[in-house]
Amino acid sequence: MLEMAQPNPEGLDAARMTGNAWPSTKVESPKCVIPLAALISPILPHPDVPRLDPRCCCSCCCLIPSFGIGRSKSSLSKITSLYASLPGVPCAYRKMGNSISTTKYNILTFVPKGLFEQFRRVANLYFLTISILSSTPVSPVSPITNVLPLSMVLFVSLVKEAWEDWKRFQNDKAINNSSVDMLQDQRWVSVPWKNLQVGDVVKVKQDGFFPADLLLLAGTNADGVCYVETANLDGETNLKIRKALEKTWDYVNPEKASEFKGEVQCEQPNNSLYTFTGNLIIESQTLPLSPNQLLLRGCSLRNTEYIIGAVIFSGHETKVMMNSMNVPSKRSTLERKLDRLIIALFGVLFCMCLIGAFGSGLFLKPKYFYLGLHGPDLSADMNPSNRFLVGLLNMFTLITLYSPIIPISLYVSVEVGLIFFFYFQMVKFIQSTQYINNDLHMYHFETNTPALARTSNLNEELGQVEYIFSDKTGTLTRNMMEFFKCSIGGEVYGTGVTEIEVGGAQRNGMKVDEARKSANVVREKGFNFDDARIMRGAWRNEPNPDMCKEFFRCLAICHTVLPEGEETPEKIRYQAASPDEAALVTAAKNFGFFFYRRTPTLIYVRESHVEKMGKVQDVPYEILNVLEFNSTRKRQSVVCRYPDGRLVLYCKGADTVIYERLAYGTNDIRKTTREQLEQFGAAGLRTLCLAYRDISSDTYENWNEKFIQAKSSLRDRERKLDEVAELIEKDLVLIGCTAIEDKLQEGVPSCIETLSRAGIKIWVLTGDKMETAINIAYG
């Protein structure tokens with residue numbers, strides 16, 4: 001059994017002083033039991049303002065979950081938590097299951113909630129009021145004329161809602177009953193997803209989906225690496241790289257995995273897909289956890305035979321489910337306009353009835369004997385002695401009489417129609433199930449995916465679209481990056497002409513002929529470059545061969561790409577987090593700097609023509625630190641050690657952030673490269689700047705201590721890592737820049753032209769430079 005960890009006295013005292021944590025001991029008291037608070041929390045508020053733990057019904061919880069993962073001899077690998085008992089809190093901590101539900105209703109809430117949704121429509125509420133009034137003695141008409149049409153509309157609408165929610169239930173049921181291998185008694189047992197709980201150890205096979213948010217322990221690929229597709233979360237088809245901690249690489253088979261015992265301290269469940277902060281305590285060693293070790297529910301495993309993972313968040317506490325909202329009540333623009341129209345008509349109706357009621361109370365007098373206003377059987381609405389009551393009752397009578405001014409057929413005709421003479425069906429339901437779902441123009445042949453209308457409430461919105469918001473990469477473009485041009489030391493290399501340049505010339509009435517390709521030009525996926533000046537070792541004859549060498553080494557070393565297959569230039573395959581990185585490494589290979597192997601600490605590059613023409617040597621570079629790219633930093637850096645002991649930081653990123661960190665005294669190359677960046681951007685190319693810096697051993701050792709502290713921090717880890725990175729990413733020497741082409745999808749110009757003729761405005765979101773975005777829009 002996993003033994004309970006004992007509290008650290010120093011950490012306990014510090015926690016008591018700061019008020020950020022409670023004692024971490026297990027007691028047998030039947031009082032409230034809640035998860036152990038982590039010693040450091042990046043999300044703890046002021047101790048006087050408690051925040052609810054989503055898994056606890058009390059209002060005193062302000063904790064970070066801390067749980068153990070391990071195996072007992074006779075039970076499943078369940079969560080083993082450290083607990084703290086707080087006096088006076090009458091609730092108990094309950095484990096969360098992995099079952100999910102995305103339905104809008106259940107058996108108990110369908111009728112009341114469904115009726116509530118229907119009576120949110122002003123028309124239905126109005127007809128309900130008229131139906132009630134027509135059932136009273138003041139009504140001169142039969143209630144059946146109002147009750148029957150209203151009942152029909154409500155019945156058909158509820159049936160449609162029930163059918164759509166039933167489809168959601170069936171989808172949830174299929175997902176919850178999907179099977180996954182779970183570790184039990186030193187063997188893998190197939191169990192439904194819904195039976196998983198936090199702490200279970202599972203095995204996910206290639207092309208399978210992750211059943212919960214998992215901590216990656218091990219995989220069949222070397223170095224504990226696996227590839228993940230996150231298309232279901234963010235639409236990105238690029239494979240993401242996830243890497244297990246080196247301490248857990250051995251837990252590949254069930255016998256070894258059953259020996260795993262550890263404790264995880266992590267942040268509360270949240271909806272941030274790209275952040276995760278935690279620590280894994282294993283064998284008295286604390287290891288920092290990051291998003292690189294987290295496998296999110298909804299993602300799928302690619303290019304990996306299988307992985308072993310431990311459930312961290314399950315069910316509705318997973319990040320994807322915390323990003324999902326309750327099924328909204330969707331109402332079309334037509335329905336909202338009808339509501340406003342009915343309110344206006346009701347205002348007219350009310351004025352008419354008010355005038356009639358006022359007249360009946362004003363002009364009903366005893367002197368009009370011929371109206372029979374005397375006698376014991378005189379009704380209240382004809383009694384001249386109480387004119388206010390006469391006016392009020394006549395008001396209701398007139399409302400029922402004038403009610404046809406708002407015909408119920410207004411909604412009946414929208415919701416319902418006669419289909420095929422005898423079959424009475426909903427028009428919008430038929431549109432969604434028979435037309436939209438079966439539309440061959442919306443069928444994607446490559447993935448065998450038809451269109452799927454999840455609701456029929458918004459069909460008419462399709463013909464009223466005014467704006468289209470789209471991203472660029474992978475939507476308007478093919479997301480197939482090709483190394484096209486570059487600038488090294490202020491000199492531009494590459495002779496190609498982009499399709500954006502061709503399109504711009506055609507708009508100006510000019511004809512552009514693409515440069516003639518060399519007879520022996522190299523062309524492969526990710527590389528569409530031709531310039532004999534630097535190909536096949538010719539860069540040695542350039543005016544700046546040392547700068548060319550740094551440029552190629554930066555491409556070959558500063559990345560997180562993983563090689564696969566045979567270690568030959570012809571058969572090797574690169575797995576990268578983005579096609580840009582794969583294109584840059586492919587370019588380095590074609591320039592004679594062939595990256596072919598990666599270990600946890602080394603990168604092997606086969607360099608050609610460095611010492612002399614024709615000479616090839618394998619050079620191992622020790623990777624000391626990787627400062628990863630993110631949307632805030634807009635750059636990536638690698639600290640490496642050459643075989644001769646030289647320490648170098650290579651950095652690549654956006655020109656705006658690289659130029660801010662350049663050393664003084666390189667104004668000429670900075671100005672020249674800036675102009676070339678603008679030229680590349682005008683040609684529709686994606687640009688990156690490359691730079692490097694030599695580092696002394698003392699400088700690196702001092703900086704590395706701060707880096708390790710920041711990487712192990714639970715509080716504001718990302719911010720601390722960024723601050724530490726700023727300390728070393730300075731005084732850089734600019735090497736040059738790269739220019740990558742991402743061609744437009746086929747048919748994009750004609751599609752945009754058609755949408756423009758229809759009066760639809762198109763907005764495109766892109767991270768490109770301004771001039772690049774403008775020229776791509778023209779193209």
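## Cysteines

The structure, which is a predicted model, holds zero disulfides. A disulfide is a covalent bond between the sulfur atoms of two cysteines. C640 takes part in no such bond, and the nearest cysteine sulfur to its own, that of C558, is 8.9 Å away, whereas a pair of sulfur atoms has to lie within 2.5 Å to be called a disulfide.

In soluble globular proteins, nonpolar side chains tend to be buried together. In this model the largest nonpolar core has 49 residues, and the residues with the most contacts inside this core are F483, F529, F591 and Y650. Helix 13, which covers residues 545–557, gives the most to this core, contributing seven residues.

## A buried tyrosine in a loop

Y251 is found in the loop that runs between strand 10 (239–243) and helix 6 (254–257). Although Y251 belongs to a loop, this tyrosine has a relative accessible area of 8% and is buried, because the cut-off for a buried residue is under 20%.

Once its neighbours within four places in sequence are left aside, Y251 is in contact with A218, K256, A257, F260, I282 and I308. One of these contacts, I308, is 57 residues apart from Y251 in sequence, yet the two residues are 7.3 Å apart in space when the distance is taken from C-alpha to C-alpha.

## The annotated active-site residue

An unreviewed UniProt entry lists D471 under "active site", and this annotation may be inferred rather than shown by experiment. In the model, D471 lies in strand 19, which is made of residues 467–471.

D471 has a relative accessibility of 34%, so this residue counts as partly exposed. Leaving out its neighbours within four places in sequence, D471 is in contact with L476, V764 and L765.

Definitions and conventions
Residues numbered from 1 in each chain as written. Predicted model: local features only at pLDDT ≥ 70, side-chain atom pairs only at ≥ 80, totals over all residues. Heavy atoms only, no water. Helix = DSSP H or I, 4+ residues; strand = E, 2+ residues; numbered from the N terminus. Buried < 20%, exposed > 50% of the residue type's maximum accessible area, 1.4 Å probe, protein only. Contact = heavy atoms within 4.5 Å. Core = buried A, V, L, I, M, F, W, Y, C linked by side-chain atoms within 4.5 Å.
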